[in-house]
Amino acid sequence: MKLSTHLVSAPLHTPFVTALRTATHAESLLVSISDGEHTGWGEAPQVWKVTGESLAGAQACVEGPIAIALDGLGPDDLTEALRRLQGSAQGNFGAKAAVDVALHDLAARRVGLTLQGFLGSTATTVRTDVTLSAGDADALVAAAQDRVRDGFDVLKVKVGTGDAAADFERVRRVREAVGPSPKIRLDANQGWNRRDAVTAIRALEDAGCAIELVEQPVAAADLEGMAWITDRVSTPILADESVYGVRDLVNVIRHGAADLVNVKLAKCGGLGPARTLLELAREHGLGAIVGSMMESHVGVGAAAALVAAYPTTAVNDLDAAWWLRQPPVDGGITYEGSTIHLPSTPGLGVTGLIA
């Protein structure tokens, strides 16, 4: 198998603003693995403020220890390749996810199956929410109305910008503007403290804003704070940055720190670890969604295929590729409002890089 890496930078049609960062481009390392006839693709995004992994580090990991670990294996050795991949280096989950997905994509193409078909699904669509970038109330209201007109019915509002009272007012204004039908979920990206979180969430509950869930209200390591919040509000709490791998999820479960978990390929290391997390959450009565970083049609396509094969308990967070002005690859998933259409061609349906 020939393993190659490709650095890409795809401009967004609108800046993406959270409590942690502002992004104008999706910066990624694409990985391709070829058997001479078929090519599988995977993606490692650069998200400094979340994973701390860089494109240079991911590229060095893929071309160094991962390539060494896979040396000598053929394209039919998927199980052994995945085992070696996860043991090739500590951390580096984005790099591992890129190679994991590329290996699965290649295997699916070699037997003529879509990636979701290879994972055991006949689904052709999955649903996603759409994120409203952090901003003032007027900007959020305008964006919310635009997204509803675009066909999205689950809106994720970024909060946690340092003023819980202002967060409450922004969310209240969004609910007033879009009416009762669209679901609204919040993502604080670790931006609140526990008391502000409870104050804001209870105020929204009392105001009848019908918030579906609140994602990562406090710092990732503050599981006691997460549990304190979960015990004091009715709105479900979703753990994101608190959970990378199985050990993290076990700690969340033991602390009673969340009602749901957000599983992302670039956090856990690929489709194999993601399946384990989804199964563990289900066994312990936790809800789950699958999300993505700021990724292209490669990474989001893989996450969508996972959702097709392993349905989640709430609408997933897979709008990242929708933000791209132009994708860096040909083929793959397409968006129609909140519906992601999965490709009918083998693997991820990606046919190559756009020059």
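Start by selecting Arg 21, Thr 131, Lys 156, Ser 292, Met 294, Asp 317 and Asp 319, which an unreviewed UniProt entry lists under "binding site". UniProt positions are given in the numbering used here, feature names are shortened, and annotations may be inferred rather than shown by experiment. The lining of the largest cavity takes in Arg 21, Thr 131, Lys 156, Ser 292, Met 294, Asp 317 and Asp 319. A cavity here is a set of points on a 1 Å grid over the protein atoms alone where a 1.4 Å probe fits but cannot get out, and lining residues have an atom within 4 Å of a point.

Before you click on: this is a predicted model, where local features need pLDDT of at least 70, side-chain atom pairs count only at pLDDT 80 or more, and totals for chains, interfaces and linings use all residues. Residues are numbered from 1 along each chain as its sequence is written, and side-chain values use heavy atoms, with hydrogens and water left out.

Now zoom in on Arg 21, in the loop between strand 1 (2-17) and strand 2 (22-34). (Strands are DSSP runs of E, at least two residues, and helices are runs of H or I, at least four, numbered from the N terminus.) Leaving aside neighbours within four places in sequence, Arg 21 is in contact (heavy atoms within 4.5 Å) with Phe 16, Val 47, Lys 49 and Met 294.

Hop to Met 294, in the loop between strand 11 (287-291) and helix 12 (297-309). Is Met 294 buried or exposed? Met 294 is buried, at 6% relative accessible area; buried means under 20%, exposed over 50%, and partly exposed in between, with a 1.4 Å probe and protein chains only. Beyond four places in sequence, the contacts of Met 294 include Leu 12, Ala 26, Pro 45 and Trp 323.

Next, pick Lys 158 and Lys 264, which UniProt annotates as "active site" in an unreviewed entry. The lining of the largest cavity includes Lys 158 and Lys 264. Lys 158 sits in strand 6 (residues 154-158) and counts as buried at 5% relative accessibility. Lys 264 lies in strand 10 (residues 260-264) and counts as buried at 8%. Show what Lys 264 touches: Asp 240, Gly 291, Ser 292 and Met 293, not counting residues up to four places away in sequence.

Last stop: Trp 48, in the loop between strand 3 (39-45) and helix 1 (55-70). Trp 48 is exposed, because its relative accessible area is 55%. Draw a C-alpha to C-alpha line from Trp 48 to Arg 21: 9.0 Å in space, 27 residues apart in sequence.

Technical notes:
1 Å grid on protein atoms, 1.4 Å probe; cavity = no way out; pocket = protein on both sides within 12 Å on 5 of 7 lines; lining within 4 Å.
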